[in-house]
Amino acid sequence: MSTMTNRTRLGRKTTMAAGVGVAALAAAGALAAPAQAAPVQVAQIPATAFSVSGLVVPGLEFVGVYADQTAPGTVEMSAPARPQMCSASAAGALVELGYLNLSTGKAGGTTVKPCPNYMGPTPVKAPIHPGAGQIAMTIRVIPSGLSPRAGQPSLPGAATFSVR
């Protein structure tokens, strides 16, 4: 009988130790979970686009960019527009972003759409992979294939930010 009791107690201790081990691994896994996108501070001179509302009222739209660091050396870019722009003639415009990593010389670019409900395959957010360092960026408002005059005429903008 004492042998059964020892086995039962040993089994309970082993089960309890395994349970504590699993809980510790789960907690460590939660701590090691992928990091959420962290906003990156972007110093910029927004691009300027021309827009005409449904009331035939002309106006200027200032198109700025936002950056969220999603991984080391990777940033997700967006250029969300105000609702007024998305309901005017500039709704079909796209934002072309060119970048240069001033630390490594790596260059590239992407295009995003500022109005999420506008048709077309261009994404609202797009990742770029400039690597770590100080990034210089150009911001240009360009027409889309579906709206060849959207946002035109326009003036380019510029931005800079740091990527880890």
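User: Before we start, what does buried mean here?

Analyst: Buried means under 20% relative accessible area, exposed means over 50%, and partly exposed lies in between (1.4 Å probe, protein chains only). This is a predicted model, where local features need pLDDT of at least 70, side-chain atom pairs count only at pLDDT 80 or more, and totals for chains, interfaces and linings use all residues. Residues are numbered from 1 along each chain as its sequence is written, and side-chain values use heavy atoms, leaving out hydrogens and water.

User: Why does glycine 64 count as buried?

Analyst: Its relative accessibility is 16%, and the cut-off is under 20%, so glycine 64 counts as buried.

User: What does glycine 64 touch?

Analyst: Not counting residues up to four places away in sequence, glycine 64 touches Gln44, Pro46, Ser78 and Ala79; contact means heavy atoms within 4.5 Å. Proline 46 is 18 residues away in sequence, with 4.6 Å from C-alpha to C-alpha.

User: How do you know that E7 and E8 pair?

Analyst: Pairing takes at least two bridges found by DSSP, strands being DSSP runs of E, at least two residues, numbered from the N terminus. E7 (residues 93-101) and E8 are joined by 6 bridges, so they pair, and they run antiparallel. Glycine 98 has glycine 109 in E8 as its bridge partner.

User: What makes E2 and E8 edge strands?

Analyst: The open sheet of 5 strands is ordered E2-E12-E10-E7-E8. E2 (43-45) and E8 (107-112) each have a single partner strand, so one side of each lacks a neighbour in the sheet.

Key:
Helices (H or I, at least four residues) and strands (E, at least two) are DSSP runs, numbered from the N terminus.
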